[in-house]
Amino acid sequence: MSKTFNRLFFRFAAGVVAAAVSGPTCLLPPASVAAEPAPAPANASSAVDDGLSAVERQFLTPPVQVTVGMPKAGEGYFSSDARRICYQAVPTDYPFYQIFVQPFDAAAPRPAMPVRISTGRGRTTCSWFAPDGTRLLFASSHLDPQLDATESAARAQAEEDRKTGRRRRYQWDFDPHTDIFVTSLQPAAGEGTGLVQLTHEPGYDAECSFSPDGSQILFVSDRDGDPDIYVMDADGRNVRQLTNEPGYDGGPFFSPDGRFIAYRTDRLEKDMLQIHVMKADGSGDMPITSGQGVRWAPYWHPTKPWLIWTGADHSDPTKRPNYDLWIARYSANEDAPDGRAGFKAGTPLRITDHEGADVLPAFSPDGTLLMWTASRGGEGGGRAATSQLWVSQINAAAIDAALKPVEEPVEGPVEGASQP
Ligand SMILES: [Ca+2]
Ligand SMILES: [Ca+2]
Ligand SMILES: [Ca+2]
């Protein structure tokens, strides 16, 4: 099964697998050995895109590009101490995303040498640090028995695209061989350090993230034929299904206090994702966005009652949608008599309007930095640029001042994607 969502989407790659790895568990080399350094950062000072618009300048410092050397990189997240980031990137010599971790300096964000954590084969996606920083979670299809053929087909298509100059939309496959793995990032001496496979069901299992206390893992599975959100214990046991609506439900993250889950769903209109929030047990589900367009990749601010996501207006089929970052203030009270009323969000605020894609936002653990996947800078800039990870400081005071209060009545559908 596969779908093509209109451009974007990284927290959905998926793929296939197999290979050099025999057996479902852990024959992979330790992360420290698997390390296959990407080319050294070429332009370590690459950075300032001075093309900030008035809107962006109000809320963000000029973004600094922190990934270099690979054709595409994206979907980055911070470790709890903000000293590392994890992300997915397409190596120069391989057709599919692999998972990387690299050092990060919050005081002076800049490119650094990445270390590959995934096996080097298959499609991978959705990396996420354990809260204690000792392990990394990600989804990978490297156990696909047909991996050789999958890779060959991808290489052939890439070669054909290169000849014809075609730029494909991002293809998001629900690869049935995708499973969730966790690997140690701080292997103890003498300890097995390979991957541990946490899901074993046929079907796509991906889009995984730990709960704030590290005891639970949220993920998406289409094991019953329809993609839904599940939660399991950190060791892969005790799987519980949280959503059961026809259509795609995915990209779930726990709120910082662990009481709520933000995710995206296209249950109302195929491929037209909207942001929803539900309680941690799956009850009290409610939409946060509505209206024409796509909203996805919700992410919680760690200390402020803010939810950020990616939105784009798809109402004009003749225009290329511009994906940008939106923030809304919320109030949460899981004990409200009506569970649905326990979570309210105000009118969202657009904080980017650059012509290139601005997607998959993530705040640093202290909430001062924003990292997102953007097509900026580079030759031609904007839409001609490849997607990479960029980091800005947020102007929290300006955002706070511009954000509408939650209580303010919203006239009409909540817009998340109107053009500026
Ligand atoms: Ca699976
Ligand atoms: Ca579903
Ligand atoms: Ca944009």
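Predicted model: local features only at pLDDT ≥ 70, side-chain atom pairs only at ≥ 80, totals over all residues.
User: Which strand does S27 pair with over six bridges?

Analyst: Strand S26 (residues 369-374), in the antiparallel sense. Here Met371 stands opposite Val391.

User: Why is S27 called mostly covered?

Analyst: A residue is buried if 20 or more other C-beta atoms lie within 10 Å of its own. Five of the six residues of S27 (residues 388-393) are buried.

User: What makes S3 and S6 edge strands?

Analyst: The open sheet has the order S3-S4-S5-S6, with antiparallel pairing. S3 (72-78) and S6 (115-116) each have a single partner strand, so one side of each lacks a neighbour in the sheet. S6 is joined to S5 (residues 98-103) by two bridges. Phe100 has Arg116 as its bridge partner in S6.

User: How do you know that the length of H3 agrees with its residue count?

Analyst: At 1.5 Å a residue, the 18 residues of H3 (residues 147-164) should span 26 Å. The end C-alpha atoms are 26 Å apart, so the two agree.

User: Which residues of H3 are buried, and why are they said to be on the same side?

Analyst: Leu147, Thr150 and Glu151 are buried. They cover an arc of only 95° around the axis, which puts them on the same side of H3. Exposed residues on the other side include Ala149, Ser152 and Lys163.

Notes:
Residues numbered from 1 in each chain as written. Chains lettered and ligands numbered in written order. Helix = DSSP H or I, 4+ residues; strand = E, 2+ residues; numbered from the N terminus. Expected span 1.5 Å × (residues − 1). Buried ≥ 20, exposed ≤ 12 C-beta atoms within 10 Å, placed from the backbone. Arc of directions from axis to C-beta. Pairing = 2+ DSSP bridges.
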